[in-house]
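The paragraphs below go through the salt bridges of one protein. Keep the sequence and the 3D view at hand while reading.

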Amino acid sequence: MTTPTAGGGTAGGSADVVVVGAGPAGSAAAWALATVGLDVVVLEKARFPREKVCGDGLTPRAVKALDEMGVDVSPAAGWVRHRGLRVFGGGQVVEVDWPSLDSWPSYGLIRQRRDLDPMLAEHAVAAGARLEQEVTVTDPLLDDAGRVAGVHAQAGPGKEPVTWRAPLVVSAEGLSGRLAKAIGLTRREDRPLGVAVRRYVRTPRGEDDYLDISFDLSAEGPTADSMPGYGWSFGMGDGTANVGFGLLDTRRGGETDARTVLRRWLATLPPEWQLGEEHAVTPLRGAGLPMALNRGPAYTRGLLLAGDTAGVVNPFNGEGISYALETGRMAGETAAAALRAPEGPAREAVLRAYPERLREAYGRHHRLGTAFLALLDRPGLVRFATAHGLKRPTMVNAALRLMGNLSDGRDGDRFDRAVAVLTRLTPSV
């Protein structure tokens, strides 16, 4: 993997669109804009390669998003494929393959974010985007009407002040959402916010066709401190595994922190799996999981929000990469369509449709996911459901499709049609 080329940029400048953040959402937005010939600059506060806390597992939903962007997802390009999940719960263990559906690939992928993010940025640069690294955006540039007209930033090792101007700005800054907060778009406290911790370990389980997911997080199984959440061990294909724990709603968990839950869970596993801290090759790191469209509106006053900044992580499972790719592309497409419209009311009408597009795409599914978290918060129910449900492969497969938001919709089988009806009847978040 080559490091994406950065521009010369400590002097600032102008563009059709400024994108803040070169994670999956920012790179997808930049790619969408560059492919239609717009001048887009991506401002990334770090320098690649850089660490990013993530489980590194990409579902078939993310595979499709990458494929639609023209990203080579073959093993020859450095990707590791996986067939599905191995689920531990209630003393049961079951392997379930990703579903075979018309709308989605039948496999997932593994790739460290340390490699994934620069690869996606490079893909955007190849399409014509400009990338400026080590540029920390500090606040929005506002015009006389209070509209976002660019950003103020500090660039380079010397943190020199610079200004980038553009008629539209896409914020893909992640959980921090500095630009959004600066214009009053704060996170909704009534929506779930999760937290995840992970480290890489050297282990004989580093190469595996399945991703391990565990609800048995102590000798007693699920507890008030560990629910709603799960532990994971994802083999990276190189003799290491990404091992972590995700608490999917910090409003509902007990008083024990995620790091303690992870340590307790690892203590229950066979020593020969070598998943404990003594086998670690990186420190333990943590990050927030903003869910269920918990910051909005996703467009206002010249600023579009994408990825974690818009809070689009799936509350069913904590999955974020696929939704970052999708919303980044949506934001880029919306910005491109807006810039083709005359400045003024016509352009604003295009931009104001973006939040509704997100609600239509995710709002009802995320409402179901939020209700699911309330059930997952009951350890006794989780113990019963996993002990009995994992004995029924059909039920496990259905749960995987629902939680992963993988469906052929009304054109699918009986289960897909039932989910389509249920989703249609569910109010949007």
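How many salt bridges does the count come to? By the rule that a side-chain nitrogen of Lys or Arg lies within 4 Å of a carboxyl oxygen of Asp or Glu, the count comes to 28 salt bridges. The model is predicted, so local features need pLDDT of at least 70 and side-chain atom pairs count only at pLDDT 80 or more, while totals for chains, interfaces and linings use all residues. Residues are numbered from 1 along each chain as its sequence is written, and side-chain values use heavy atoms, with hydrogens and water left out.

One of these salt bridges joins glutamate 44 to arginine 50, at 3.4 Å from N to O. Glutamate 44 has a relative accessible area of 5% and is buried (buried means under 20% relative accessible area, exposed over 50%, partly exposed in between, with a 1.4 Å probe and protein chains only). Arginine 50 is buried as well, at 11%.

A salt bridge also links arginine 198 and glutamate 51, with 3.0 Å from N to O. Arginine 198 sits in strand E14 (residues 193–202) and glutamate 51 in the loop between strand E3 (40–44) and strand E4 (57–58), so the pair ties together parts 147 residues apart in sequence. Strands (E) are DSSP runs of at least two residues, numbered from the N terminus. Arginine 198 is buried, with a relative accessible area of 0%, whereas glutamate 51 is partly exposed at 31%.

Glutamate 95 and arginine 86 form a salt bridge of 3.0 Å, N to O. Salt bridges with shared partners join Arg86, Glu95, Arg205, Asp208 and Asp212 into one network. Within this pair, arginine 86 is buried at 10% relative accessibility, and glutamate 95 is partly exposed at 44%.

Conventions
Helix = DSSP H or I, 4+ residues; strand = E, 2+ residues; numbered from the N terminus.
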